[in-house]
Amino acid sequence: MERPGRLLLQSELRVRNAAYDVSLSRSLLIWKRRTSSPVYHPFRPRFCVPLFRRRPDPGVCHSVPVSEIISVREEEEENGSRQRDDGSWKKIREREGKDCRQAFTVLYVERCRQHRWRCAEVTFTCSDEAVCQHWVSSIREQLASNTSRPKHLLVYINPYGGKRQGKRIYEQKVAPLFTQAGISTSVIVTEYANHARDHLKMEAELKKFDGVVCVGGDGMFSEIIHGLIWRTQIDCGVDPNSPEEALSPCSLRIGIIPAGSTDCICFASVGTNDPVTSALHIIVGDSQPLDVCSVHHNNMFLRYSVSLLGYGFYGDVLSDSERKRWMGPARYDFSGLKMFLTHHYYEGTVSYLPAKGIIGTPRDATRCRSGCVICQHNGQLNSERSEKYEMDEASDSESSGEWRTIRGKFLAINAASMSCACPRSPKGLSPAAHLADGTTDLILVRKCSRFNFLRHLLRHTSKDDQFDLTFIEVHRVRRFRFMPRHCQSDSDLELDLHENSKRQIFSQICKDHPACGCAPAYSSWNCDGEILTHTGIDVRVHGQLIKLFARGIEELPVFEDLSNPCAI
């Protein structure tokens with residue numbers, strides 16, 4: 001068996017009229033500039049100082065992982081005049097008078113600042129046509145052998161999300177890249193709410209595709225996962241309405257082209273909300289597992305959640321902002337200020353099943369990054385526990401004494417399955433939360449003064465410990481339940497809301513003073529930006545249920561070292 005580092009091809013080619021030694025292995029494409037001067041040693045001892053100081057040449061040596069090559073093409077006559085080499089390629093052709101097929105261009109991923117990727121290219125000039133075709137066929141053979149790359153994609157575009165730019169972003173920035181990479185697409189422009197969800201549930205022929213791509217915001221992504229997960233469970237004979245069922249993982253990966261007002265999931269899994277970067281992650285076939293929480297009420301399925309479940313403050317902000325959609329994105333700031341000033345708290349009982357035996361805590365300084373060791377370790381541990389859980393009865397698990405209960409008055413109850421980072425809050429709601437460790441961080445904000453609650457909110461944008469406050473508890477859990485006070489069923493909730501409506505006149509005057517009895521008894525749940533219709537819920541984490549076309553946020557210093565492996 002051939003070793004990954006063994007050379008497959010090596011030639012002397014020209015780039016911008018300069019001679020380069022170009023080599024191809026299964027893992028790397030390297031081109032190193034030839035020099036007529038003596039060999040330069042990058043690790044020259046410090047005491048050996050040259051007579052003349054050399055200016056470092058960044059173009060001496062380049063390398064690109066084969067997995068990050070987008071495509072390769074042979075140059076044709078009409079493309080020669082469009083090269084970015086200031087006419088040097090045209091001059092070479094005129095001088096040598098040879099066939100234009102003696103050059104080929106490699107398109108590859110280039111890393112930029114703030115985790116952005118761009119499509120770069122380099123053109124190699126060959127000595128004859130046979131060498132050129134040999135290089136092109138060898139590179140294409142390596143790309144074709146990469147089975148993780150998608151060849152057929154199902155694309156859903158939300159034309160109304162965000163600033164209504166989804167269709168334009170896809171057609172101008174994403175579709176040309178897919179075409180260059182040889183990816184065929186079936187595009188559906190959604191016409192109404194839950195169009196994509198319903199199509200995935202009933203009509204889509206999923207066996208024809210290697211992945212599903214959504215062009216929109218978090219709401220569009222939510223539609224995709226609801227349709228795809230539900231379809232997978234039905235095909236596998238799993239009852240989605242049972243909270244005790246272990247859900248079957250989805251085989252198709254999901255790509256996110258950010259084009260919405262909020263793109264939290266894309267930001268947390270890639271590190272930037274840039275459509276070109278997301279498209280390149282799809283092209284190279286990246287795969288990032290992602291945990292999903294199933295939310296049930298009395299053995300009835302409600303929704304799936306991948307980022308935030310929020311009761312109290314965040315639920316009230318969403319409920320209030322939905323009545324002010326005419327304000328646009330500014331409605332979130334307005335509703336947030338309003339809910340902060342009203343300062344409502346809610347009584348209830350939280351029961352949770354702690355995640356035991358795992359590594360990592362919600363207060364770690366370690367962040368979830370590409371190739372996260374914690375996600376790999378805890379994911380394997382949780383999958384083993386899930387197999388054991390299926391063999392045992394649910395009653396045995398509940399009677400084992402692992403469940404813990406907390407009763408009290410809360411300003412907010414939040415469950416973060418990922419950091420929930422966004423451009424406004426780079427650290428997120430739970431900075432140490434992981435994408436695929438099979439847990440969620442349960443954050444309980446007890447009743448406190450407005451000043452203390454403001455301190456808590458401001459820490460989302462600072463470097464201070466989010467949870468180093470006396471009125472905050474945080475637990476890493478595998479499952480939790482919430483029941484509001486005096487609410488055993490939703491009929492009781494409806495009755496209470498009906499009684500409160502009789503005091504509507506007085507509630508506008510004294511709703512901020514709980515002593516008068518006019519404060520609202522119940523909030524609502526914010527589930528990834530959607531309002532849940534029930535308050536008493538049962539939430540279970542399903543580890544690595546879906547996969548994204550992503551690789552997690554990369555550590556930049558690592559790739560600064562790898563950008564020039566010839567100097568190692």
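This report walks through some strands, ring pairs and nonpolar cores in the structure above. Keep in mind that the model is predicted.

**Strands around β16**

Let's start with strand β16, which covers residues 404-416. Strand β14 (residues 308-312) runs antiparallel to β16, and five bridges join the two. One spot to look for is L308, whose bridge partner in β16 is A416. Strand β15 (residues 346-354) is also antiparallel to β16, this time with seven bridges. Here you can find V350, which has I406 as its bridge partner in β16.

Then there's strand β17 (residues 440-446), which pairs with β16 over six bridges, again in the antiparallel sense. In β17, A416 has D441 as its bridge partner.

**Aromatic rings**

Next come the rings. The count of aromatic pairs comes to 15. Two of them are set out here, with the distance between ring centres and the angle between ring planes.

| Pair | Centre to centre | Angle between planes | Type |
|---|---|---|---|
| W31 and Y108 | 5.9 Å | 65° | edge-to-face |
| Y311 and Y346 | 5.8 Å | 65° | edge-to-face |

What does the pair of W31 and Y108 link? It links distant parts of the chain: W31 is in strand β3 (residues 28-33) and Y108 is in strand β6 (residues 103-111), 77 residues apart. Both W31 and Y108 are buried. These two also belong to one aromatic cluster, together with F104, F124 and W135.

K201 lies over the face of W230, 4.7 Å from the ring centre. Over at W403, the charged end of R481 sits over the ring, 4.4 Å from its centre.

**Nonpolar cores**

Now for the inside. The largest nonpolar core has 65 residues, and the ones touching the most other members are Y156, F221, I229, F313 and I546. Helix α6 (residues 218-236) gives this core its largest share, six residues.

Leaving out residues up to four places away in sequence, F313 touches G336, M339, F340, L411, A412, F453 and L457. Apart from this core lies another one, with 25 residues, including L13, V15, F124 and C132.

**A buried threonine in a loop**

Last stop: T272. You'll find T272 in the loop between α7 (264-270) and α8 (275-283). Why does T272 count as buried? Its relative accessibility is 6%, and the cut-off for buried is under 20%. Neighbours within four places in sequence aside, T272 is in contact with Q114, H115, R116, C266, F267 and T277.

Note on methods. Residues numbered from 1 in each chain as written. Predicted model: local features only at pLDDT ≥ 70, side-chain atom pairs only at ≥ 80, totals over all residues. Heavy atoms only, no water. Pairing = 2+ DSSP bridges. Helix = DSSP H or I, 4+ residues; strand = E, 2+ residues; numbered from the N terminus. Buried < 20%, exposed > 50% of the residue type's maximum accessible area, 1.4 Å probe, protein only. Contact = heavy atoms within 4.5 Å. Phe/Tyr/Trp six-rings, centres within 6.5 Å; stacked < 30°, edge-to-face > 60°. Lys NZ or Arg CZ within 6 Å of the ring centre and 35° of its normal. Core = buried A, V, L, I, M, F, W, Y, C linked by side-chain atoms within 4.5 Å.
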